[in-house]
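Please keep the model open as you read.

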Amino acid sequence: MTYFALNAMPRCFEADRDFVNETPAGTDPVDFEDQMWLALVSVAKTANNERSWSLKELLSKAGDYDPPLPEGAVIIPGEYDLSYRERTDLDVVSIYAKRAYLNAANAADGERRLGIASITTCAPLDLRSLHLSSDPFAPRTVTQSVSSEAVVTAVIDHGIAIAHDLFRREDDGKLALSRVDFFLNMDDVSQTSGFLQASLGRVWTRSEIETVLEKHLHNGLLDEAEVYRELGLINWQDRSFNSCAHRVSHGTHVAGLAAGYDADEPVGDDRRIIAIQLPTSVVRNTMGFGIETAIEKALEFVAEHIRNYEQDGEPVTPPLVINFSFGNFLGPHDGTGVVSRAIHTALAEMSLATNQPRLLLLPSGNGNLARCHAVIELTEHAPEKEIDWVLQPSDRSASVLSIWLPLMPDIPEAAMTLSITLPGETVPHAITVGMIRKFTLINKTAPDGGEVVIGIVIYCPPQAPTYRGQIMIVSLPTDNPKDVRPVAPFGNWTLRFAKREGVGSLKLNAWVQRDETLPGFPEFGRQSRLSDQNYPRFKLPSGKTLDEDLSTRPSLVRRAGMINGIGCGDLPAVIAGYVNSDGKMATYSAGGPTLNISRLFGPDASAVSDDSVALHGVLSAGSSSGSRVSMNGTSVSTPQVARWAADQMAAAPNVSFGRADVFAQALADDPYQPDKPAPTRTGGGRLRLPSVFGELR
């Protein structure tokens with residue numbers, strides 16, 4: 001995938017940049033060779049498997065690479081201090097890398113030579129937002145004072161209007177005090193540095209935020225637009241899309257539900273906030289990858305600054321709730337994916353550092369009806385199966401399909417063959433599975449007679465820790481407004497799976513990556529899907545949407561198993577959504593089962609994601625102070641549980657609180673009854689939480 005992103009996608013990136021004016025007026029576009037990427041790296045083990053390579057050793061391996069890599073081809077983030085760079089128990093880390101390093105990783109035997117097991121990149125970063133150095137940052141701390149009942153809520157999102165009145169407190173009659181203790185704006189391109197350093201964007205402390213608030217308060221009213229310009233959240237000159245300038249912004253809505261309180265509510269004093277604004281270029285990326293890549297940096301930021309609190313002059317680490325209302329469809333769905341492991345490592349290390357409660361909440365996802373999951377069983381009686389992958393016209397995002405083989409550490413050579421026939425063609429592109437890594441390029445003939453790569457098929461054999469073989473198909477967008485060379489053909493890509501005779505039964509799981517445009521962004525992506533003639537979409541004879549699979553009409557395409565791909569680990573609590581008026585699960589709310597035996601059902605609980613069948617969504621903060629807007633989805637059910645969890649932690653700050661407590665409360669709120677949704681959709685049950693802003697409806 002990284003190879004494809006580097007060598008086939010550049011013309012699509014450039015078209016998108018021009019279309020949305022990502023290159024500021026008066027500046028030259030960055031040469032693609034000098035473009036910097038944020039990458040999530042799975043660190044390899046040494047030859048004897050006794051330990052992992054250290055970050056210092058990774059740099060040394062890059063320096064010794066033959067042919068030599070240019071200076072600055074890879075940079076370790078300054079947030080990693082000297083002791084961390086010498087650790088030999090690493091699993092997943094973030095790095096900044098240029099094309100030369102990424103191409104080296106994709107070369108034959110390149111990952112082994114560089115000391116990494118895998119590498120995943122996001123969309124290209126804006127170089128002006130980077131503050132890179134080969135040395136660790138000089139240690140600096142800012143300590144925040146809290147009471148014994150304080151709980152910190154960390155919100156990792158995009159478009160967090162941190163100056164909203166729900167996140168402020170009164171000071172001498174003015175709303176000049178902030179409850180946001182630390183704010184990492186990964187979008188900031190001002191090149192100005194705050195007191196605390198960051199390799200991507202800028203960190204704002206509470207006192208710095210309050211200085212900005214005081215500066216723009218006029219007769220008791222806040223000029224919010226000017227505040228967000230100074231904080232780097234609104235920047236029309238350099239960025240064509242600014243969530244905080246819109247009526248609705250995802251991050252503000254989520255943060256309002258998780259930690260929004262009126263300025264005069266007493267509990268607000270003890271509900272402190274750490275906010276992380278994800279890069280706009282990553283959130284709206286057109287690769288089908290990327291948004292999860294930034295979570296390791298976000299969690300590292302939370303882990304570092306949750307230690308910077310004091311109570312009565314003594315250091316203290318308050319209870320912590322983290323809300324990350326994003327997700328994807330990809331991954332092995334068994335908790336062993338690279339992002340799931342990054343989350344697990346971060347949470348486990350935070351828990352070891354203190355006995356205070358720690359909880360990360362993730363949404364189950366909105367893909368129940370997306371037709372992006374299929375289960376293909378190849379047996380002796382049915383050794384061949386066929387399914388269509390439907391690419392939409394005018395799709396300016398890459399489309400990605402990932403197929404995971406069952407858990408088997410050793411696969412016989414050519415145990416299965418996948419043949420892919422493109423629309424309008426008769427000759428398939430084929431790849432076989434075994435214990436050797438392979439790839440096949442999908443080419444089209446250009447008008448000048450040359451060949452243009454429009455897709456790639458990659459096979460990776462089983463390896464630790466997943467031990468599942470994987471086939472990944474990646475296609476170019478089906479539309480490009482700038483480049484007339486061939487793009488990927490839209491329509492039905494026919495996939496034919498054939499098991500070799502003598503090989504045991506194979507149960508394959510296929511997931512299409514989420515790549516449609518997120519709400520509010522300029523239209524780019526259109527979601528591809530899987531197609532099977534046995535898939536029923538509606539109930540008969542009513543014509544209502546069918547949101548459960550039918551056992552009487554089996555289809556390869558499944559609603560079941562569409563749970564958030566990064567929500568399958570052991571530690572995060574995963575929340576689904578239901579409709580408050582009738583108690584039924586929201587038709588879009590995704591569920592299990594997963595391939596993780598510790599999370600077989602999928603979600604842990606569900607909360608309200610729609611007030612009623614007529615009043616969709618739930619109310620929370622709009623982008624401007626005083627406003628309330630409605631949004632739906634499991635993204636809004638999740639922060640309501642985060643708010644409830646913070647209250648539970650405040651009541652017992654020295655008692656452990658985690659995923660099991662969320663599940664137990666759901667069971668208590670929603671005991672068994674004949675109409676209770678299946679556990680694969682609702683987990684323990686439907687949480688009966690008080691509506692945060694529901695009285696306004």
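## About the model

This is a predicted model, in which local features need pLDDT of at least 70 and side-chain atom pairs count only at pLDDT 80 or more, while totals for chains, interfaces and linings use all residues. Residues are numbered from 1 along each chain as its sequence is written, and side-chain values use heavy atoms, with hydrogens and water left out.

## Overall build

The chain holds 15 helices and 32 strands; these are DSSP runs numbered from the N terminus, helices being H or I of at least four residues and strands E of at least two. Its radius of gyration is 25 Å, close to the 26 Å that the globule rule gives for 697 residues, so the chain is as compact as a globular protein of that length. That radius is taken over C-alpha atoms, and the rule is 2.2 Å times the number of residues to the power 0.38. The C-alpha trace spans about 75 × 65 × 50 Å along its principal axes.

Of the 697 residues, 60% count as buried (under 20% relative accessible area; exposed is over 50% and partly exposed in between, with a 1.4 Å probe and protein chains only). Among contacts (heavy atoms within 4.5 Å) between residues at least 6 apart in sequence, 75% join residues at least 24 apart.

## Charged pairs

Side chains of opposite charge can pair when their charged atoms come close. Counting a salt bridge as a side-chain nitrogen of Lys or Arg within 4 Å of a carboxyl oxygen of Asp or Glu, the model has 36 salt bridges.

Have a look at Arg437 and Glu111, whose side chains meet in a salt bridge at 3.5 Å, N to O. Arg437 sits in the loop between β22 (429-432) and β23 (438-445) and Glu111 in helix α6 (residues 110-114), so the pair ties together parts that are 326 residues apart in sequence. Arg437 is partly exposed at 43% relative accessibility, whereas Glu111 is buried at 16%.

## Further bridges

Glu413 and Lys438 form a salt bridge at 2.7 Å, N to O. This pair links Glu413, in the loop between β20 (399-407) and β21 (416-421), with Lys438 in strand β23, 25 residues apart. Glu413 is partly exposed, at 40% relative accessibility.

Arg87 pairs with Asp89 in a salt bridge, with the closest N and O atoms 2.9 Å apart; Arg87 counts as partly exposed at 22% relative accessibility. Elsewhere, a network of salt bridges links Asp181, Arg206, Glu210 and Arg272.
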